[in-house]
Amino acid sequence: MEKINILIVEDESLVARDIENMVLHLGYGVCGIASTSEQAIKLAARHRPDMVLMDIIIRGKIDGVSAAEKIWKAFRIPIVFVTAYSDEMTLRRAKITEAFGYVLKPFEERELKIAIEMAFFKSRLERRLREREEWLSALVTSIGEGVIATDEGGGISFMNPLAERLTGWRQEEARGKPLREVFHTIEEQNGSETNGILLCAKDGRKFPIEETAMPLNDERRGSGGQVLVFRDISARRRAEKEVKESWARLHEALEGTIQAMALTIEIRDPYTAGHQRRVSRLSCAIAKELGMPAEQIEGLRVAGDIHDIGKIYVPAEILSKPGQITAIEYGIIKTHPQVGFDILKTIKFPWPVAQIVLQHHERLDGSGYPLGISGEQILMEARILTVADIVEAMSSHRPYRPARGIEIALGEIIENRGRFYDARVVDACVKLFRENLFKLE
């Protein structure tokens, strides 16, 4: 049996080699590795691989989605996107290329194996369906859509074989009948919204369709009947649902990974268990109070959930030390924003998560760490996270001191409003607790 060959498109050489090793270990062949979109198209044309593993964000004049579209249209090679980029606009563009799967970085060999096997299955199925449709089309008609024609009186005068099959009516029994008796449709409702139209076939089946009606002009009478062209879009709807569900599963996997990272820190530092989640929740509440967009708030939530991941570098005995820490120990603790940034910077989040984590101990006057940046140099998300972190930390118990309470914590940010902490963020935080009765649970 001939080995299946795969083209890898990835512009980071280390990642590309990791993927190559996984593919080879799974028993597939690798016909090439492309680092730019132009090179990907050339290698696809030269080697005609059985599949392409395509990174979306890649060097070149066009991105991975556009390159995948060209490869699919030119060679009908199935594409599996291997990426960490998952915004809504990219998803809509990726759907147009008829992608056969998605793998979200970072991933394990098992995930890649499943994605490849599913893609090959769908590719074979798609090819068989296409061959069957071409055979049927050549056998019965050159038109791959249902066609119904009516005369000037509105009675049916013609139905092609596909129209007969979709409606359940034979042309002989439908001829002369009013169009809406044979081609009976209803609106498809999704709650209170209309989601298209459904064709009600003679046998009781209902399925979604798209239709186009064109008038037939009669030169002698001045008007004639019409031609109705329609198509069954059930398969397309199923594919759209499958992509949406696949994307949801990938988002769920990302969320699980983030929570696992957060739990890692809590296991090493049990005294601050729940700290990151509470800070994240307060940060999001402040952001909503400030009217920030939902997408930006989602990035802030992710950063808040793992903002102390750099503490994995700090010895556990320092984190849980019951008493005053030394200057050297404090210096070690102060490295955690930079360590967190180094851990997260290679993950292609759709938000600046690594930068937010890096800056969450910076101060407006430049007295923070590790960069000592000030003012507008600090991301708005980091300014929010800073205030939430201070309030939660002062309100909670620590090994070296008891909880100081929310009012003392609010007093700290009010006293240094505009100096250490962003004034708008402080005002929003105080309002949450004193007017909106927000509680740290």
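1. Start with Met 54: its bridge partner in S4 is Phe 81. The two strands involved, S3 (residues 51–54) and S4 (residues 79–83), run parallel and share 3 bridges. Two strands count as paired when DSSP finds at least two bridges between them; helices (H or I, at least four residues) and strands (E, at least two) are DSSP runs, numbered from the N terminus.

2. A quick word on the source: this is a predicted model, where local features need pLDDT of at least 70 and side-chain atom pairs count only at pLDDT 80 or more, while totals for chains, interfaces and linings use all residues. Residues are numbered from 1 along each chain as its sequence is written, and side-chain values use heavy atoms, leaving out hydrogens and water.

3. Now zoom out to the sheet. It is open, with 5 strands in the order S2-S1-S3-S4-S5 and parallel pairing. Strand S2 (29–34) and strand S5 (101–104) sit at the edges, each pairing on one side only. On average, neighbouring strands are turned by 20° against each other, direction ignored.

4. Two helices pack on this sheet. Helix H1 (residues 13–25) touches strand S1 (5–9), S2, S3 and S4, and its direction makes about 170° with that of S2. Helix H2 (residues 37–47) touches S1, S2 and S3, at about 150° to the direction of S2. Contact means heavy atoms within 4.5 Å; axes are lines fitted to C-alpha atoms, for helices over the stretch in contact, with angles from 0 to 180 degrees between N-to-C directions.

5. Have a look at His 361, in the loop between helix H15 (353–359) and helix H16 (380–395). Is His 361 buried or exposed? It's buried, at 13% relative accessible area (buried is under 20%, exposed over 50%, partly exposed in between; 1.4 Å probe, protein chains only). Leaving aside residues up to four places away in sequence, His 361 touches His 336, Pro 337, Gly 368, Tyr 369, Thr 386 and Asp 389.

6. On to salt bridges (a side-chain nitrogen of Lys or Arg within 4 Å of a carboxyl oxygen of Asp or Glu): the whole structure has 30. Glu 289 and Lys 431 form one of them, at 3.0 Å, N to O. That pair links helix H10 (residues 275–289) to helix H18 (residues 423–434), 142 residues apart.

7. Arg 434 bridges to Glu 407, with the closest N and O atoms 2.9 Å apart. Arg 434 is in helix H18 and Glu 407 in helix H17 (residues 406–415), so this pair ties together parts 27 residues apart in sequence.
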